[in-house]
Amino acid sequence: MRLKGKLAVVTAAASGMGRAGCEIFAREGAKIAAVDIDQGRLDEVVEVVPHMRARGGGAIMFTASIAGLVGSMLMPVYSAAKFAVVGLTKSLAQTLAPDNIRVNVVCPGLTDTPMLPQFMSRGGNIEESKKRYLAGVPMARVGRPEEMANAALWLASDEASYVTGVALLIDGGYSAK
C-alpha cells in the first residue's frame, strides 16, 4: 500500500481519469476526498495546503494534457488553459517545496474517457479523427484511464519523494517525435 496514511483530493472524480484515480489511490490506502468542478469545491481544495503544512508535507497532483505542452491546433483555448496548469504546477512546486509539499502534473494524451467522442468530433468524423491522431502515436492506441491514474499514483507516492515541478507526459510516445 503505497499511499497508506495519505490523503488524496481528486478533482473531476465522477468519471474517466478522476474516477480511476479515486479507485487506484483508495486501493493503495489513501483516504479520498472526491470532488467535481465548481468554484465552491475548488475553494475547498485550495484550503488542502495549510493541512499539508500541519502534517509535515504532502503532494499535490494536477491533471493537464499533452495540449498543455505541445499545443492543439483544434482547441487553442483548451491548450492555453492546460499550459496555465503546467505553469501553475511549476510555480507552486517552487513556492511549496520549503514546506515539504511536492506539486506535479500529469499530461495525458488521448485517453478512453467519456469525453473522447466529444474531443474527436472537433476534427470532423470521429473515427477518421481518431485514425489521424493514432497515426502519430508510436504505441498506436488510446490510453486507458487507469494508466493515467497509475502514473499519478507514482508521483503522489513516497517513491517520487524527490520529484516536484514535473509535467509527466503519458501519451504513448506522441510527444517523442
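Visitor: What radius of gyration would a compact globule with 177 residues have, and what does the protein chain have?

Guide: This is a predicted model. A compact globule with 177 residues would have a radius of gyration near 16 Å. The protein chain has 16 Å, so the two agree. Along the principal axes, its C-alpha atoms fill a box of roughly 50 × 30 × 30 Å.

Visitor: How much of the protein chain is buried?

Guide: Buried residues account for 38% of the 177. The accessible surface is about 10,000 Å², and carbon and sulfur atoms hold 58% of that area.

Visitor: How many helices and strands are there?

Guide: Eight helices and five strands. Read from the N terminus, the order is β-α-β-α-α-β-α-α-β-α-α-α-β.

Visitor: How do strands of a sheet pair?

Guide: Through backbone hydrogen bonds, either parallel or antiparallel. Now the case here. Three strands make an open sheet, ordered β3-β4-β5, with parallel pairing.

Visitor: Why is one side of β3 and of β5 left without a neighbour in the sheet?

Guide: β3 (58-63) and β5 (167-170) are the edges, and each has a single partner strand, so one side of each has no neighbour in the sheet. From one strand to the next, the twist averages 25 degrees.

Visitor: How many bridges join β3 and β4?

Guide: Six, in the parallel sense; β4 spans residues 101-108.

Visitor: Which strands does helix α8 lie across?

Guide: Helix α8, residues 145-156, lies across β3, β4 and β5. Its direction is at about 165 degrees to β4.

Technical notes. Residues are numbered from 1 along each chain as its sequence is written. This is a predicted model: local features need pLDDT of at least 70, side-chain atom pairs count only at pLDDT 80 or more; totals for chains, interfaces and linings use all residues. Side-chain values use heavy atoms; hydrogens and water are left out. Two strands pair if DSSP finds at least two bridges between them. Helices (H or I, at least four residues) and strands (E, at least two) are DSSP runs, numbered from the N terminus. Axes are lines fitted to C-alpha atoms, for helices over the stretch in contact, and angles run from 0 to 180 degrees between N-to-C directions. Contact means heavy atoms within 4.5 Å. The radius of gyration is taken over C-alpha atoms; the globule rule is 2.2 Å times the number of residues to the power 0.38. Buried means under 20% relative accessible area, exposed over 50%, partly exposed in between (1.4 Å probe, protein chains only). Accessible areas come from the Shrake-Rupley method with a 1.4 Å probe; for residues, only the protein chains shown count as cover.
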